[in-house]
Amino acid sequence: MMMWSNFFLQEENRRRGAAARRRARGQPKAQMTPEREGKIKLALLLTSVGATLAVLAVGTEFWVELNTYRDNGSAVCDAAHLGLWKMCTKRLWQADVPAGRDTCGPAELPGEANCTYFKFFTTGENAHIFQRTTKKEVNQAAAVIAVLGLAVMALGCLCIIMVLSKGAEFLLRVGAVCFGLSGLLVLVSLEVFRHSVRALMQRVSPEPPVAPALTYEYSWSLGCGVGAGLILMLGGGCFLLLALPPGPWSPLCPKWGQRAP
């Protein structure tokens with residue numbers, strides 16, 4: 001009698017295991033649809049444009065141009081351009097400066113250039129440009145915020161790559177927050193840099209020689225930074241919309257509402 005009871009118990013366990021395996025096969029793991037994957041790739045392409053512009057802006061030194069006036073009684077004039085890390089002073093021939101321009105420049109003109117990295121990242125010394133002194137704390141803050149923005153942007157790229165390669169869609173919201181935050185940090189870095197330029201123009205050295213009159217104009221690197229910040233924030237918004245459940249958007253998007261379980 002004990003033998004038959006053990007036999008029936010084993011048979012029941014076998015049937016339960018087979019039923020569990022059939023249920024598991026009948027309910028496969030949800031996979032990303034090609035349409036949704038295409039939307040995520042399109043948003044990633046948009047953010048990659050912003051990432052490229054951000055790296056280009058942070059890595060170049062054409063954030064602002066400092067120009068002296070041309071009426072100095074000489075055949076040459078001085079100009080400078082600087083960014084987060086490096087400063088370049090140039091001596092330009094006045095004959096190369098466009099006619100009708102009162103100041104020396106633009107800095108892209110050929111001339112004798114002298115480029116140096118800022119020492120306040122290594123020795124803590126301020127830089128001196130045309131008898132004016134930088135405010136190193138503000139410059140350092142702009143650089144740190146920009147690097148932090150690039151780091152958060154890289155984390156967002158990693159999250160979206162994991163979504164596409166491993167199907168970890170819960171990382172979509174994390175990537176959206178990272179891209180939005182990185183764009184905001186890039187824009188904040190630009191604003192802090194603007195304050196550093198204003199501080200530089202006001203910190204005139206009283207020691208001889210007399211500081212020349214200067215004008216300044218923002219250049220293409222800063223424009224790349226503005227575009228990068230806006231595009232990264234837009235890309236973060238796109239990823240956030242893709243991460244939201246379709247339910248709240250049913251009245252506006254009937255197709256999404258039909259797909260909702």
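## Stop one: a sulfur link

Select Cys77 and Cys104 to begin: a disulfide joins these two cysteines, with 2.1 Å from S to S. You are looking at a predicted model. Turn the view until you can look along the link between Cys77 and Cys104, which is right-handed, with 70° about the S-S bond. Colour by secondary structure next: Cys77 lies in strand S2 (residues 76-82), while Cys104 is in the loop between strand S3 (86-93) and strand S4 (111-117), so the pair ties together parts that are 27 residues apart in sequence.

Is Cys77 buried or exposed? With a relative accessibility of 1%, Cys77 counts as buried, because buried means under 20%. Cys104 is buried too, at 0%.

## Stop two: another link

How many disulfides does the structure hold? There are 2, and to see the other, select Cys88 and Cys115, which are joined with an S to S distance of 2.0 Å. This pair links distant parts of the chain, with Cys88 in strand S3 and Cys115 in strand S4, 27 residues apart. The link of Cys88 and Cys115 is right-handed, with 115° about the S-S bond.

Now show the surface. Cys88 is buried, with a relative accessible area of 1%, whereas Cys115 counts as partly exposed at 39%.

If you number the bonded cysteines of the chain in sequence order, the pairing reads 1-3, 2-4.

## Stop three: cysteines without a partner

Move on to Cys157, which is in no disulfide; the nearest cysteine sulfur is that of Cys159, 9.3 Å away. Cys157 is partly exposed, with a relative accessible area of 25%.

Then click on Cys159. Cys159 is buried, with a relative accessible area of 7%.

## Stop four: a nonpolar patch

For the last stop, keep the surface on and select Leu181, Leu184, Val188 and Met233. Together these residues make a nonpolar surface patch of about 310 Å². Which helix gives the most to the nonpolar patch? Helix H4 (residues 171-202) does, with 3 residues. Zoom in on Leu181, which lies in helix H4. Leu181 is partly exposed, with a relative accessible area of 39%, so it passes the cut-off of over 30% used for patches.

Notes. Residues numbered from 1 in each chain as written. Predicted model: local features only at pLDDT ≥ 70, side-chain atom pairs only at ≥ 80, totals over all residues. Heavy atoms only, no water. Patch = residues over 30% accessible without salt bridge, like charges linked within 9 Å, V, L, I, M, F, W, Y side chains within 5 Å. Areas by Shrake-Rupley, 256 points an atom, 1.4 Å probe, with all protein chains shown as cover. Salt bridge = Lys/Arg side-chain N within 4 Å of Asp/Glu carboxyl O. Helix = DSSP H or I, 4+ residues; strand = E, 2+ residues; numbered from the N terminus. Buried < 20%, exposed > 50% of the residue type's maximum accessible area, 1.4 Å probe, protein only. Disulfide = S-S within 2.5 Å.
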